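This report covers how the parts of one model meet. The sequence and structure come first.

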Number of protein chains: 2
Amino acid sequence: MEEAVRKMRIKAGRRTDIRRAREEAILAAAEKVFAEAGFGGATMQLIADMAGMPKANLHYYFATKEDLYRRVVENIFTIWLKAADCFDNAADAAAGIGGYIEAKMEISRRHPFGSKVWASEVMHGAPVIQDYLETALRGWTEGRMRAIQRWIDEGQIAAVDPRHLLYMIWATTQHYADFGHQIETLNAGKPLTDRQWRAAIDSVREIILRGIGALPPAPGKP
Amino acid sequence: MEEAVRKMRIKAGRRTDIRRAREEAILAAAEKVFAEAGFGGATMQLIADMAGMPKANLHYYFATKEDLYRRVVENIFTIWLKAADCFDNAADAAAGIGGYIEAKMEISRRHPFGSKVWASEVMHGAPVIQDYLETALRGWTEGRMRAIQRWIDEGQIAAVDPRHLLYMIWATTQHYADFGHQIETLNAGKPLTDRQWRAAIDSVREIILRGIGALPPAPGKP
DNA sequence: GTAGGTCTTGACCATACGGTCAGGAAAAGA
DNA sequence: TCTTTTCCTGACCGTATGGTCAAGACCTAC
């Protein structure tokens, strides 16, 4: 193949099937290992074993451990931001915020490893994605805060601080992934069942929505 | 000094002043380094530098890195559990839960490093404090859940799931420590002021208390 | 003062880790 | 089939790390 053609291919983002499959396998293994051991505790050998290939092959696809880690974190961030869709296309405050809570709980359930990697990255001062925090995340946050403020102005919800409402949603939903081990231990050592997940989602949504006055007060109270 | 006297001294917990001071200095440095770099990323050299002593001296007081780490985690856990006092000596549900939220927010503010170490430990599967989770934490949790259930039965708060209420409190309050860097970034890169901390605490307490029906619905709403 | 303990520390060691590389296998064009 | 490119991998390397140790400094009780 001519050099020019190869470059065009890469530029067009059309890599070999092999390359795509291998990169995905490595990224999946890396996500798990980084989540379970942290960046410092993770080793290329562990990731290679989990991906079922020799260590040298990892360095063929990803130059350094940092590169691999960065790709993992970027993937998570993308998923994280995408959950915002439920926020925007909502009819009212209860649907918007409730849908967002549900979406984030679903992420915690489906991508526990990714959530942990993200948490770890932020906890350690966001050494590799500080720029994302300052641009994408800041912009996203300001947009949602405006949306919440609009709902407040319209009288749909109580006059809470939109910022702290967002933090509470993030914290609570991600807790079910990041502290999943603790939750499991407190659940007789067993992972949450479908029914228990449903109960968790409903509890979280109910308390928060009622907390911001988007639901009528609980019945059966004096 | 005779061997017997020395042993009595140690048994009585009365070590040398020097020993106590050094151990404290090392523990403080270790807490910070473990929080910022994770267990795997932390090095004994870094901790030694931060504590202002040569690395070999660390190993004189703490046999291994694991020992040192375990001591740090145990210290945190103690603080963590002690916050429960506000829970027990409360006149009613609003005071009990509100006080607990306030206490946990204060911990997040005063011990951000410890909170991060704890979060990191649990996120990675609690390799060194699994026994604590299964004994002390489980017992503590069950006790508080009973207290909450009693408040529900007495009609003081709505019929929420006590377990998920506790998780929400833990998640939200610890978020201000564990994700402090993200919060700071979203606060124009500046740490929260006293006033902002006050607003955060009030927001959290208000939303949660109203969410469980321990506060009257927000005023000024249709 | 001095004996017997505690504390300090530079030098050292074995290991494990991230990363490299050369050379071969496999696939993709021509 | 022959050539070119991509993919694979065992062996290897320099370095950083956790941990050791022996020798000395420093206290403290008598």
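How many residues of domain 1 of chain A are in contact with domain 2 of chain A?

## Basis

This is a predicted model, in which local features need pLDDT of at least 70, side-chain atom pairs count only at pLDDT 80 or more, and totals for chains, interfaces and linings use all residues. Residues are numbered from 1 along each chain as its sequence is written, chains are lettered from A and ligands numbered from 1 in the order in which they are written, and side-chain values use heavy atoms, with hydrogens and water left out.

## Domains within chain A

Chain A splits into domain 1 (15–63) and domain 2 (73–211), with bounds from an automatic or database domain assignment. Six residues of domain 1 of chain A are in contact with six residues of domain 2 of chain A, contact being heavy atoms within 4.5 Å. The centres of these two domains, taken over C-alpha atoms, are 28 Å apart.

Domain 1 and domain 2 of chain A bury about 510 Å² between them, 71% of it on carbon and sulfur atoms; buried area is the accessible area (1.4 Å probe) that two parts lose on being put together, summed over both. On the domain 1 side, Glu31(A), Lys32(A) and Ala35(A) lose the most area, together 71% of what that side buries.

## Contact between chains A and B

Chain A contributes 62 residues to the contact, and chain B 62 residues. The two chains bury about 5000 Å² between them, 65% of it on carbon and sulfur atoms. In chain A, Met123(A), Leu186(A) and Ile207(A) lose the most area to chain B, together 15% of what that side buries. Across the interface of chain A and chain B, zero salt bridges are found.

Helices (DSSP runs of H or I, at least four residues, numbered from the N terminus) that each supply at least two residues of the chain A side include H2 (17–41), H8 (112–123) and H12 (194–211). H10(A) gives the most to that side, with 12 residues.

Technical notes:
Salt bridge = Lys/Arg side-chain N within 4 Å of Asp/Glu carboxyl O.
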